[in-house]
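Reader: Hi! Could you walk me through the pockets in this one?
Author: Happy to. Here it is.

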Amino acid sequence: MGRRLLFLGPPGAGKGTQAAMLARALGVPHLSTGDMLRRAVTEGTALGLRAEGIMAAGDLVPDDLVVAMVEERLAEPDASCGYLLDGFPRNVAQAEALATALGDGAIEMVLLVEVDEEELVSRLLGRAAELGRTDDNEETIRRRLEVYRAETSPLVAHYPATGIEVVAVDGIGAIDEVFARIVVALAGMPAPLPTVPP
Ligand code: B4P
């Protein structure tokens, strides 16, 4: 079994960006619940139809739907050699469901990407102009930040309380600089380090 890592951080912190780079470097699948849900919306599946309005409002999709989606993905053969979770678990109930499904070893370390709120809003408004995501308007961004504070940030205390280390990484700076910090943060782990891409 390879690396089982979780990226935690507020919307816009760069989790998706960094998780994709690190998953490539480690050779493990990148599991982003945001990407999976957006794909379901685009494909018009039953899950997508339930999730669409909730995501556009900046709220969390119900736990039972997200947990079932992740369990199904983790049962695929490529996840048997490790994975990088991005955007899941998003609250303590999801973390407990994951631990129940996969046991205590489901996550070996949490990487917390930290960025201040002003920078988050400006990045997400920038992405709105670029990608046209329906949840990247200022009102929804503020709502997503509120949901992060209320629902997701308690995981920062939950994981150490269950014996899993949370390592904070400064998410401000160029994408490659942040990646290099993540590589350093992983240095304490007993496995080969990924190399910083050119
Ligand atoms: P996500 O897709 O997870 O969206 P996000 O929190 O905004 O993170 P994202 O990965 O997109 O942002 P990133 O920091 O990479 O979730 C979207 C919605 O799906 C949620 O609101 C919710 O409704 C639903 N959902 C997802 N998971 C769920 C779950 N488990 N339970 C319930 N509901 C769930 O990047 C942001 C921007 O910053 C990018 O444009 C990027 O290019 C830029 N950026 C990255 N690094 C940078 C850097 N160093 N400097 C400058 N810009 C940078």
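Author: Let me begin with the second largest pocket, which holds about 290 Å³ of space. A pocket here is an open set of points on a 1 Å grid over the protein atoms alone, where a 1.4 Å probe fits, with protein on both sides within 12 Å along at least five of seven lines. A volume is the space filled by probe spheres set on the points, which are joined across faces, edges and corners.

Reader: Before we go on, what kind of model is it?
Author: This is a predicted model, where local features need pLDDT of at least 70 and side-chain atom pairs count only at pLDDT 80 or more, while totals for chains, interfaces and linings use all residues. Residues are numbered from 1 along each chain as its sequence is written, and side-chain values use heavy atoms, with hydrogens and water left out.

Reader: What about the largest pocket, what volume does it have?
Author: About 1,000 Å³. Of its 45 lining residues, G12, K15, R127, R133 and R144 are the closest to the centre.

Reader: Where does the ligand sit?
Author: The ligand takes up the space of the largest pocket; sitting there means that more than half of its atoms lie within 2 Å of the grid points. Around the ligand are 31 residues, of which G14, T33, D59, R127 and R144 come nearest; a residue counts if one of its heavy atoms lies within 4 Å.

Reader: How far is the ligand from the backbone of G14?
Author: A ligand oxygen is 2.4 Å from a polar backbone atom of G14. For D59, a backbone N or O atom is 2.6 Å from a ligand oxygen. The cut-off for a polar contact is a pair of N or O atoms within 3.5 Å.

Reader: Which element gives the most to the shell around the ligand?
Author: α2, with four residues.

Reader: Switching topic, which residues does a cis peptide bond join?
Author: F88 and P89, with omega about 0 degrees. P89 is in the loop between β3 (83–86) and α5 (92–102). Most peptide bonds are trans.

Note on methods. Polar contact = N/O pair within 3.5 Å; in protein donor to acceptor, adjacent residues only side chain to side chain. 1 Å grid on protein atoms, 1.4 Å probe; cavity = no way out; pocket = protein on both sides within 12 Å on 5 of 7 lines; lining within 4 Å. Helix = DSSP H or I, 4+ residues; strand = E, 2+ residues; numbered from the N terminus.
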